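Student: I would like to learn how to read side-chain features in a structure, one feature at a time. Could we go through them together, with the general idea before each case?

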Amino acid sequence: MQALEFSVVWVFVHLLRWLPRRWARATGAAIAALAFRLLGRLRRTGLRNLQLAYPDLPAQEQMALLQGVYRNLGYQLAEFCQMSRYTSKRADALIRYDGLEHYLAARERGRGVLVLTGHLGAWELSSFYHSLSGYPMGMVIRRLDNPLVDRFVNRVRCLHGNRVLHKDDFARGLIAAMRANETVGILMDTNMTPPQGVFVPFFGVEACTASGLARVAQKTGAAVLPGFLVWEASEQRYVLHFGPEVALVNTGDPEQDAVANTAQFTAILEAYIRRYPEQWLWMHRRWKTRRPGEQGIY
């Protein structure tokens with residue numbers, strides 16, 4: 001079954017890979033529109049999340065926003081299928097940096113760089129473009145259930161020097177990477193459970209959030225800065241935004257500081273999502289974990 005699944009993925013990726021980019025993006029968007037209609041559970045989760053985050057937004061506008069999310073995912077699917085063909089010159093015509101100086105300044109500190117990021121915009125393309133531009137980095141990523149597909153996807157991700165740190169064994173590798181002044185991106189917008197996760201506000205509702213980024217930054221002195229690659233409709237291209245380095249809270253209480261810094265990082269992530277709400281993964285059950293005795297949200 002895994003081999004069959006891999007074969008389907010391989011054929012699909014290579015079909016979209018050789019289409020003209022405009023056609024590939026249109027195909028991805030069409031597939032995503034079909035998924036929006038057929039996958040009712042994900043659609044209901046997305047609408048529930050939007051009700052939590054934007055309670056005053058009319059239902060019709062919530063539905064339209066969620067359709068935009070699916071369209072963006074379809075575009076990202078096409079970009080992933082095509083990005084192995086990208087040269088630096090071609091990528092520069094499709095993507096530009098904003099705030100690269102923040103990243104370079106953080107790297108100059110010499111204690112490693114932790115890129116605070118999430119499932120916003122074209123997250124698969126962001127690290128790929130950064131490596132193609134001469135800045136390879138590590139990525140903390142969950143293993144895919146199918147090992148054949150996992151290896152295939154990771155080969156594409158790592159074509160230009162990136163490397164994958166799997167979530168199930170990343171802690172020691174992450175600390176070693178910071179000591180070697182490397183860069184690692186961490187997607188910290190997924191639901192967690194204690195003790196790895198701590199409860200912090202996210203769109204006004206407590207969400208159990210990974211505290212690992214904060215703890216590693218506190219332990220190593222690594223620089224933390226936000227980095228997101230999003231579609232800028234006004235320019236009709238992607239922009240990889242790097243924000244200024246985040247000043248860490250340091251009261252001398254490691255546990256209290258981990259919660260405070262995780263809350264700070266989450267607030268930054270929320271601010272980016274509010275700028276580009278149609279590009280975040282609203283179908284994820286972000287508020288699934290609740291405190292003991294608290295009623296479930298989904």
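**Reading side chains in a predicted model**

Tutor: In this predicted model, His-130 is found in helix H7, which spans residues 123-132, and we can begin with that residue.

Student: Is His-130 buried or exposed?

Tutor: The general idea is that a residue is called buried when its relative accessible area is under 20%. His-130 has a relative accessible area of 1%, and therefore counts as buried.

Student: Which residues is His-130 in contact with, once its neighbours within four places in sequence are left aside?

Tutor: His-130 is in contact with Tyr-97, Leu-100, Tyr-103, Tyr-135, Pro-136, Met-137, Leu-240 and Phe-242. With one of these, Tyr-97, the side chain of His-130 also makes a polar contact of 2.6 Å.

Student: Where does Gln-76 lie, and what does Gln-76 touch beyond residues up to four places away in sequence?

Tutor: Gln-76 lies in helix H4, residues 59-82, and its relative accessibility is 6%, so that Gln-76 counts as buried. Setting aside residues up to four places away in sequence, Gln-76 touches Gly-121, Ala-122, Trp-123, Glu-124 and Leu-125.

Student: How should I read salt bridges, and how many does a search of the whole structure find?

Tutor: In general, side chains of opposite charge can pair when their charged atoms come close. Here, a search of the whole structure finds 12 salt bridges. One is between the side chains of Glu-235 and Arg-96, with an N to O distance of 2.8 Å. This pair links distant parts of the chain, 139 residues apart, with Glu-235 in the loop between strand E8 (223-232) and strand E9 (237-242), and Arg-96 in strand E1 (residues 95-98). Glu-235 is partly exposed, its relative accessible area being 31%, and Arg-96 also counts as partly exposed, at 27% relative accessibility.

Student: Which parts does the salt bridge between Glu-182 and Arg-163 tie together?

Tutor: The side chains of Glu-182 and Arg-163 meet at 3.0 Å, N to O. Because Glu-182 lies in the loop between helix H9 (171-179) and strand E5 (183-187), while Arg-163 lies in strand E4 (residues 163-166), the pair ties together parts that are 19 residues apart in sequence. Glu-182 is partly exposed at 32% relative accessibility, and Arg-163 is partly exposed with a relative accessible area of 35%.

Student: Where do Arg-215 and Glu-255 lie?

Tutor: Their side chains form a salt bridge of 2.9 Å, N to O. Arg-215 lies in helix H10 (residues 212-220) and Glu-255 in helix H11 (residues 254-275), so this pair ties together parts that are 40 residues apart in sequence. Arg-215 counts as partly exposed at 29% relative accessibility, and Glu-255 is partly exposed with a relative accessible area of 43%. Salt bridges can also share partners, and in this way Arg-21, Arg-25 and Glu-79 are joined into one network.

How values were computed
Residues are numbered from 1 along each chain as its sequence is written. This is a predicted model: local features need pLDDT of at least 70, side-chain atom pairs count only at pLDDT 80 or more; totals for chains, interfaces and linings use all residues. Side-chain values use heavy atoms; hydrogens and water are left out. A salt bridge is a side-chain nitrogen of Lys or Arg within 4 Å of a carboxyl oxygen of Asp or Glu. Helices (H or I, at least four residues) and strands (E, at least two) are DSSP runs, numbered from the N terminus. Buried means under 20% relative accessible area, exposed over 50%, partly exposed in between (1.4 Å probe, protein chains only). Contact means heavy atoms within 4.5 Å. A polar contact is a pair of N or O atoms within 3.5 Å; within protein, one must be able to donate a hydrogen and the other to accept it, and residues adjacent in sequence count only if both atoms are side-chain atoms.
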